[in-house]
Amino acid sequence: MPLPDPGLRHPIILPDGTPHAGTVMLSRAVDHPNFQVGDYSYASDFDPPQDWASHLAPYLFPGARERLVIGRFCQIAHGARFITASANHGQDGLSCYPFPVFDPAQMAGFQPDTRDTVIGNDVWIGYGAIILPGARIGDGAIIGAGAVVRGSVPAYGVVTGNPGRAERFRFSKPQIARLLALKWWDWPVDLILRAEPALLSGDLDMLESLAPD
């Protein structure tokens, strides 16, 4: 089975031959200086927007001091949102009211929170999940539907709830270490195609046997 074409905006072709408008390769659908996304990562929405960047990350303004970084082979479901650092108000003063944003002379230099939000590779973000400013989600993690995520999520953790917690892991610690060492998402396309049976069946030994030298 071939990999989807990362150069296509709409990678899913329906049986009648038409592209499915509700799913996009983000690397083709997003043109935003603060939004970095790897190949094969896609997002889906039942009401696909014209501007996917502002739809997924409404507070990620061009020229802001933070970035949203998403790795390769990520899967983002309908309703997921990234609340990036520009959304945060200052908390060091006596009031959280953002007085400087109403003054054009001060607005550009005023950003109390500048943390990047970083999503690893092969991360599945479920329906309606909310990723808060500065979150760091490790490779292979699953973010459950409706989860609210802040802070760090370990690689291959499964996060649910509000506040989101990694209640369990997809694999044992030794298996996770092996997967992180393999970094299959960075392999050449032809090798990933050969590894597809191992990836789909959970055969880690087979995956290791295919690893490049």
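Which residues of helix 4 (residues 173-182) are buried? They are Ile176, Leu179 and Leu182, as the first of the following close-up views of a predicted model shows. In this model, local features need pLDDT of at least 70 and side-chain atom pairs count only at pLDDT 80 or more, whereas totals for chains, interfaces and linings use all residues. Residues are numbered from 1 along each chain as its sequence is written, and side-chain values use heavy atoms, with hydrogens and water left out.

**View A. Buried and exposed residues of helix 4.** Buried denotes under 20% relative accessible area, exposed over 50%, and partly exposed the range in between (1.4 Å probe, protein chains only). Helices (H or I, at least four residues) and strands (E, at least two) are DSSP runs, numbered from the N terminus. Ile176, Leu179 and Leu182 are the buried residues of helix 4. Viewed down the helix axis, the buried residues fall within an arc of 125° (taken from the directions from the axis to the C-beta atoms), so they line one face of the helix. Lys173, Pro174 and Ala181 are exposed on the other side. The buried residues pack against strand 15 (165-169) and helix 6 (204-210), where contact means heavy atoms within 4.5 Å. Just after helix 4, Lys183 takes a positive phi of about 45°.

**View B. The hairpin of strands 14 and 15.** Strand 14 (residues 157-160) runs antiparallel to strand 15, and four bridges join them; two strands pair if DSSP finds at least two bridges between them. Gly157 has Phe169 of strand 15 as its bridge partner. Four residues lie between the two strands, and Gly161 in the turn has a positive phi of about 90°. Among the five residues of strand 15, the count of buried residues is zero.

View C. Two bridges join strand 7 (residues 117-119) to strand 10 (residues 136-137). Val118 stands opposite Arg136 in strand 10.

**View D. The loop between strand 6 (81-82) and helix 3 (104-107).** Phe102 lies in this loop and counts as exposed, at 56% relative accessibility. Ser95 also lies in the loop and, at 40% relative accessibility, counts as partly exposed. The C-alpha atoms of Ser95 and Gly164 are separated by 28 Å.
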